[in-house]
Amino acid sequence: MMRIVLLGPPGAGKGTQARVLARRLRLSHISTGDLLRQNVSAGTDFGLEAKSYMEKGVLVPDTLVNKMLSRRFDEPDIKSGFILDGYPRNLNQARALEEILKTKGSGIDLVFYLNTSEGVIIQRLTGRRVCKGCGANFHATNMPPKVEGVCDNCGGALYQRTDDVAETIKNRLEVYAKESAPLINYYEASGKLKRLEADGEAGVVLEEMVRLIKFS
Ligand code: AMP
């Protein structure tokens with residue numbers, strides 16, 4: 001049983017890796033971005049509040065995200081372990097996560113930092129296609145679906161995220177550098193951080209993570 005956090009800039013491959021890793025190790029995949037997008041499409045109070053922040057490419061306020069995450073952690077599947085993708089995004093959230101886990105008598109076991117260069121990030125984000133049905137990620141050229149516009153996993157329609165456009169990507173990278181990058185040192189200091197070079201192929205990065213989990 002493992003509790004894993006994936007760190008890295010937008011476009012590092014967190015979502016792609018988390019999905020495959022979760023299936024392989026039978027862990028729950030928790031993506032705060034996916035949860036927020038589900039709330040936005042369902043028109044919930046969380047969604048209505050989060051939408052404008054997400055469209056600008058800035059962080060949704062911690063209070064909202066922490067509440068949403070805390071509810072997700074009340075679900076029973078969490079007990080067999082999880083992979084967090086897109087959370088924590090700042091030091092305040094990292095501390096909130098520790099508090100939430102402490103109430104359940106547990107903590108984080110491993111943090112993978114997917115180091116990715118800016119050119120790769122921009123190329124990945126501008127070509128990204130996401131499934132409306134299951135949230136799986138594809139890429140117009142790097143990871144195309146078998147049938148254009150259709151998800152390989154569930155047959156759902158693929159779309160381009162509204163925040164995957166040049167101007168918003170720029171904001172998201174600035175927010176990452178300022179607010180999220182300090183988490184690297186934070187988890188390094190706790191001795192839980194494993195750094196991976198993530199510019200290359202998804203499959204290679206995945207096998208490296210599996211190897212590190214086995215030896216942890
Ligand atoms: P992602 O799918 O992880 O790229 O997240 C998309 C957007 O959702 C981000 O640009 C933020 O606006 C918001 N978001 C996702 N996770 C968080 C979080 N942990 N804290 C604050 N905002 C978040």
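How many bridges join strand E1 to strand E4 (residues 110-115)? The structure examined here is a predicted model, in which local features need pLDDT of at least 70 and side-chain atom pairs count only at pLDDT 80 or more, whereas totals for chains, interfaces and linings use all residues. Residues are numbered from 1 along each chain as its sequence is written, and side-chain values use heavy atoms, with hydrogens and water left out.

Helices (H or I, at least four residues) and strands (E, at least two) are taken as DSSP runs and numbered from the N terminus, and two strands are said to pair if DSSP finds at least two bridges between them. Strands E1 and E4 run parallel and are joined by four bridges, with Ile4 standing opposite Leu110 of E4. E1 also pairs in the parallel sense with strand E3 (residues 82-85), again over four bridges, and here the bridge partner of Leu6 is Asp85. A residue is called buried under 20% relative accessible area, exposed over 50%, and partly exposed in between (1.4 Å probe, protein chains only). Since five of the five residues of E1 (residues 3-7) are buried, the strand is largely enclosed by the rest of the structure. In a regular strand the side chains alternate between the two faces of the sheet. In E1 both faces are covered, with Arg3, Val5 and Leu7 buried on one side and Ile4 and Leu6 buried on the other.

A backbone N or O atom of Val58 lies 2.6 Å from an oxygen atom of the ligand, a polar side-chain atom of Arg89 lies 3.1 Å from an oxygen atom of the ligand, and a side-chain N or O atom of Gln93 is 2.9 Å from a ligand nitrogen atom. By the Shrake-Rupley method with a 1.4 Å probe, the protein covers 95% of the 480 Å² of accessible area that the ligand has on its own.

Aromatic rings of Phe, Tyr and Trp (its six-membered ring) are paired if their centres lie within 6.5 Å, with planes under 30 degrees apart counted as stacked, over 60 as edge-to-face and the rest as tilted. By this rule there are two aromatic pairs. Phe73 and Phe82 form an edge-to-face pair, 5.0 Å centre to centre and with 85 degrees between the planes, and both residues are buried. The rings of Tyr186 and Tyr187 are also edge-to-face, because their centres are 5.1 Å apart and their planes stand at 80 degrees. Tyr186 counts as partly exposed at 23% relative accessibility, whereas Tyr187, with a relative accessible area of 3%, is buried.

Two backbone features lie in loops. The peptide bond from Tyr87 to Pro88 is cis, with omega near -5 degrees, and Pro88 lies in the loop between E3 and helix H5 (91-103). Arg26, although not a glycine, has a positive phi of about 55 degrees.

Conventions: Polar contact = N/O pair within 3.5 Å; in protein donor to acceptor, adjacent residues only side chain to side chain.
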